[in-house]
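Please read the following points with the coordinates open beside them.

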Amino acid sequence: MPRPAPGSDLLFSGSDWNFGTLSHAYDVIEAVAKEELRLDVYPVQMEIISSEQMLDAYSSIGMPLMYRHWSFGKHFLHQELLYRKAGRGLAYEVVINSNPCIVYLMEENTMALQALVTAHAALGHNHFFKNNYLFQQWTDAGAILGYLDFAKGFIARCEERHGVAAVEAILDAAHALMEQGVFRYRRPPRLSSDKQREGLRERLEYEERSYNDLWRTIPRPADDGKADESEDSIAERKRALNLPEENLLYFLEKNSLILEPWQRELLRIVRVIAQYFYPQRQTQVMNEGCATFVHYTVMNALFDRGKISEGAMLEILRSHSNVVFQPAFDDPRFSGINPYALGLDMMQDIQRIATEPTSEDRDWFPEIAGKGDWRAVLLDAWANHRDESFIRQYLSPALIRKWRLFVLSDTANDSFYSVASIHNERGYEHIRTALAQRYDIGASHSDVQVVDVDLLGQRHLRLQHKVNDGIVLESASCDATLRHVHELWGYEVSLEGIDAQTGGTVYERSSRQLSG
């Protein structure tokens, strides 16, 4: 079929752009995306930034408002060095999970690239942020920007009042514990409103004025009283403190006896930010796959309608190919599975199964094979899955063969690998399960919980790490983190590694063993 002749219907011509061109292009891209894919998005706020501002966004974990900390400057210098020496390129865009959704576009981008990243970020990522259940349950897009503004101002005031060193000491410890500072199994409270934050600021100032340090002079008992405690009293104490507690920063914020009110608020700020990013760690394949599928579908639809020239489309396809490039396992550039590539392939495979299924597809996916409405399937998947469940449900044998996936068995006592699963019916199930397990944060991240503390005795804080498959915590980082917990708690802290299957003790560490 002949292509429509280029003319006045083109969204743009040439590589140059201005704000009028960007605004018009966004309106057309949004209309096509909603028509083709039924997307539902937040209002969009697009901002143009320089390469140095993009590096700054990298250093402050992509947030438009962020408090000061030396680690952000260190990260900025590292990224800048890589960029200046051509060791790493910069992202074409950065998108913020907020309402309105903020999209940063690089001013160096050509207009064709601006159109591509507009579809990718302002519509693809935006739709995923607004509709995925993890972001709906665990983040508050409407309040995050206001909260970060409060956090930045609060920390600046703390630095003026208490000194930069004192503030950094708390933030250093809190940052070290960010991975253990999220709620994984229960929903966190919603962020406070501007009025509530103003009340909080006044309350904190009052508590700082009336803070009483006399309790620290209370003598400690000679022993921790464990021998005299009954099982009922221990169980009652754990119920009162809601133990075990998975969120270590939350427990320290609420129960540490040495922290002043402003220090507690610093812990809360860090754990709120950690919680905000928690869903993104569970949905990288789906989030990037959704955005890539959206930009690929929308750009092709615009080209078919004569809105984009052949030259611009070639540039778009070149950038798209770079994004979804998957190096082979023996390629020096290989660093694992490219989430853009896997996500896009799985979503295009769902489209194929819904419209042109094979007999194998009908056996594996009877609910969607041949149903035709692939849009409804994708919208449901984007809304109700994370990476682990998405792969477990939708990775097809056809895609397993295309990616040449198989499972290796690695036994510590053997000097060789064994191929445990190949391309047969049982192998497909095992391969899909094994790949899904890699994206399960619960299985791949350390499960450390507060299991007991006697606030009326020696105030010994007891942590427990569930050891899976014999994988223990790295000794040096474990001791460093334990030291940070001790700094925030003020009394002895111990960590016991418990085998998740047998319940036996694998290792024990205590802050008493740490030097310095």
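1. Two strands are said to pair if DSSP finds at least two bridges between them, and helices (H or I, at least four residues) and strands (E, at least two) are DSSP runs numbered from the N terminus. β2 and β3 form a hairpin with four residues between them. The pairing of β2 with β3 (residues 101–106) is antiparallel and runs over four bridges, with Ile96 standing opposite Ile102 in β3.

2. This is a predicted model, in which local features need pLDDT of at least 70 and side-chain atom pairs count only at pLDDT 80 or more, while totals for chains, interfaces and linings use all residues. Residues are numbered from 1 along each chain as its sequence is written, and side-chain values use heavy atoms, with hydrogens and water left out.

3. In a regular strand the side chains alternate between the two faces of the sheet. From strand β2 (residues 93–96), Glu93 and Val95 point one way and Val94 and Ile96 the other way, and all are buried (under 20% relative accessible area, with a 1.4 Å probe and protein chains only).

4. His385 lies in the loop between α16 (374–384) and α17 (387–394), and it counts as buried because its relative accessibility is 9%. Leaving aside neighbours within four places in sequence, the contacts of His385 (heavy atoms within 4.5 Å) include Asn132, Tyr133, Met286 and Tyr394.

5. A search of the whole structure finds zero disulfides, a disulfide being a pair of cysteine sulfur atoms within 2.5 Å. Cys158 is buried, with a relative accessible area of 4%, and Cys290 counts as buried at 0% relative accessibility.

Terms used:
Buried < 20%, exposed > 50% of the residue type's maximum accessible area, 1.4 Å probe, protein only.
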